[in-house]
Amino acid sequence: MPPSGRVSETTQTVGLTVRGRRFEVHSERDGCLQASFAHLCDAPVSTIEYLTWARMYPRWTITDVPTFDVADEEAQQRFINLVDILVDEDIAVTFTSPHSLPDFCAAATASRPDAFRMTSRLRLIRSTP
């Protein structure tokens, strides 16, 4: 995932509230939101929450991104939606994953024929200085 690297994981989380709903993330401070794939995509998070956070946090770190062959369809769709929002809102984002970007993209397009746009956007994010 672009760029790769490990972010120090902590067991503590911070709660964010949007429209009365609470969501757990690793941290939020100084304009940066840090959350795992599980926080953002395994949980029932909508595009409204993603848009709200994109307007609040100009920098994001998303950790522990799995390949799509191990993520359920709802988590896959949330991740696709999230990537669209992050690109459209021009958010500086760092993804961490034990998988390389080519491996992630291959698994994504094999699992979801509609993932080509997302994989293209991930490559765009990676090539942006």
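A crossing of two helices is called left-handed if the near helix is turned anticlockwise from the far one by less than a right angle, and right-handed if it is turned clockwise. Keep that in mind as you look at this predicted model, in which helix α2 passes helix α3 in a right-handed crossing. The chain holds five helices and six strands, and 46% of its 129 residues are buried.

**The overall layout**

- Starting at the N terminus, you can follow the elements in the order β-β-β-β-α-α-β-α-β-α-α.
- Take the contacts between residues at least 6 apart in sequence: 70% of them join residues at least 24 apart.

**Two helices side by side**

- Two packed helices are described by the angle between their axes and the distance between the axes.
- Here, the axes of α2 (residues 47-56) and α3 (residues 73-88) come within 10 Å of each other and cross at roughly 30°.
- Angles under 35 degrees count as roughly parallel, so α2 is roughly parallel to α3.
- Which residues meet in this pair? On the α2 side they are T47, Y50, L51 and A54, and on the α3 side they are R78, N81, L82 and I85.
- Sorted by class, this contact of α2 with α3 has five nonpolar, two polar and one charged residues.

**A phenylalanine in a strand**

- F95 belongs to strand β6, which covers residues 92-95.
- Is F95 buried or exposed? Its relative accessibility is 0%, so F95 counts as buried.
- F95 and F37 are 58 residues apart in sequence, and their C-alpha atoms are 9.3 Å apart in space.

**Two aspartates with positive phi**

- D30 is not a glycine, yet its phi is positive, at about 50°.
- You can find D30 in the loop between β3 (27-29) and β4 (32-36), and with 67% relative accessibility D30 counts as exposed.
- D90 also is a residue other than glycine with a positive phi, in this case near 55°.
- The loop between α3 and β6 is the place to look for D90, which counts as exposed because its relative accessibility is 69%.

**Cysteines**

- A disulfide is a covalent bond between the sulfur atoms of two cysteines.
- How many disulfides does a search of the whole structure find? The search finds zero.
- C32 has a relative accessibility of 21%, so C32 counts as partly exposed.
- C105 has a relative accessible area of 2% and is therefore buried.

Conventions. Residues numbered from 1 in each chain as written. Predicted model: local features only at pLDDT ≥ 70, side-chain atom pairs only at ≥ 80, totals over all residues. Heavy atoms only, no water. Axes fitted to C-alpha atoms, helices over the stretch in contact; angles between N-to-C directions. Helix = DSSP H or I, 4+ residues; strand = E, 2+ residues; numbered from the N terminus. Parallel < 35°, antiparallel > 145°, perpendicular 65-115°, else oblique. Contact = heavy atoms within 4.5 Å. Nonpolar A, V, L, I, M, F, W, Y, C, P; charged D, E, K, R; others polar. Disulfide = S-S within 2.5 Å. Buried < 20%, exposed > 50% of the residue type's maximum accessible area, 1.4 Å probe, protein only.
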